[in-house]
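Have the model open beside you and try each exercise before reading its solution. Take your time and enjoy the search.

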Amino acid sequence: MASTTEPTVLKKEEEEEDEKPLADDEDTGAQIAPIVQLQEIAVTTGEENEDIILDLKSKLYRFDKEANQWKERGVGTVKLLKHKETGKVRLVMRQNKTLKICANHLVLPTMTVQEHHGNEKSCVWHAADFADGELKEENFCIRFPSIENCKSFKDKIEEITESLAKSSGESEEGTTAANLIEKLTVEEKDTEEKIEAKEAPLSSDEKKEKSSDEK
């Protein structure tokens with residue numbers, strides 16, 4: 001006849017086992033080194049040598065000639081950056097989160113920004129853009145949250161283009177003046193050489209040749 005105490009003892013032992021903490025929860029004091037060592041990497045944006053002269057949130061569109069319609073290029077921040085050494089200004093816009101470049105081109109004296117179909121929050125312009133890694137002629141449209149931001153963008157572009165046009169004009173005038181001065185200097189030098197050659201005394205050989213010619 002089986003003993004009736006065996007089930008009771010087994011149950012009690014199972015309960016005691018259940019009450020024991022799991023081995024995973026035990027703090028052994030050991031330190032486990034990470035499998036992969038991550039190192040800090042300095043990320044460069046290419047904007048380190050440039051000063052920000054304008055920084056505004058906006059949405060950018062690009063005109064698709066094949067589809068004959070405007071297509072969204074990205075939502076992010078448009079910046080006007082001035083190089084600390086060359087003084088050149090470029091327009092750069094990156095998408096939010098991904099930071100993908102959706103516009104990247106120089107602001108040239110010929111660049112004009114116009115209001116887009118009577119919308120005071122939007123404006124359009126044409127530029128040779130390098131956002132896709134190759135220089136392409138693009139038509140852009142940008143929209144701002146407020147009329148004030150759009151006006152600030154247009155005014156700043158106009159200010160830069162006027163300054164560039166003025167600098168370009170002064171440079172051309174300076175080059176023309178320098179060329180003229182150089183030309184006059186050369187002409188004066190040629191004249192002086194001719195006078196010196198005329199006034200220089202003839203050598204004995206030259207006198208003999210002149211005397212023979214006269215005979």
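This is a predicted model: local features need pLDDT of at least 70, side-chain atom pairs count only at pLDDT 80 or more; totals for chains, interfaces and linings use all residues.

**Exercise 1.** Find which strands pair with strand 7.

Solution. Step one: begin with strand 1 (residues 50–64), which runs antiparallel to strand 7 (residues 136–143) and is joined to it by four bridges. K59 stands opposite R143 here. Step two: turn to strand 6 (residues 119–129), also antiparallel to strand 7, with eight bridges between them. In this pairing, A127 has E138 as its bridge partner. Step three: follow the hairpin of strands 6 and 7, where six residues lie between the strands and G133 takes a positive phi near 90°.

**Exercise 2.** Work out which residues have the most contacts inside the largest nonpolar core, and which element gives the most to this core.

Solution. Step one: the core has 23 residues, and W125, I142 and F153 have the most contacts inside it. Step two: among the elements giving two or more residues are strand 1, strand 6, strand 7 and helix 2 (147–199). Helix 2 gives the most, namely four residues. Step three: look around W125; beyond its neighbours within four places in sequence, its contacts include L60, L91, I142 and F153.

**Exercise 3.** Decide whether L38 is buried or exposed.

Solution. Step one: locate L38 in the loop between helix 1 (5–19) and strand 1. Step two: exposed means over 50% relative accessible area. L38 has 79% relative accessibility, so L38 counts as exposed. Step three: L38 forms a nonpolar surface patch with I35 and V36, and together they have about 430 Å² of accessible area. For background, nonpolar side chains in soluble globular proteins tend to be buried together.

Methods:
Residues are numbered from 1 along each chain as its sequence is written. Side-chain values use heavy atoms; hydrogens and water are left out. Two strands pair if DSSP finds at least two bridges between them. Patches are made of residues with over 30% relative accessible area and no salt bridge: like charges are joined within 9 Å, nonpolar side chains (Val, Leu, Ile, Met, Phe, Trp, Tyr) within 5 Å. Accessible areas come from the Shrake-Rupley method with a 1.4 Å probe; for residues, only the protein chains shown count as cover. A salt bridge is a side-chain nitrogen of Lys or Arg within 4 Å of a carboxyl oxygen of Asp or Glu. Buried means under 20% relative accessible area, exposed over 50%, partly exposed in between (1.4 Å probe, protein chains only). A nonpolar core is a set of buried Ala, Val, Leu, Ile, Met, Phe, Trp, Tyr and Cys residues joined through side-chain atoms within 4.5 Å. Contact means heavy atoms within 4.5 Å.
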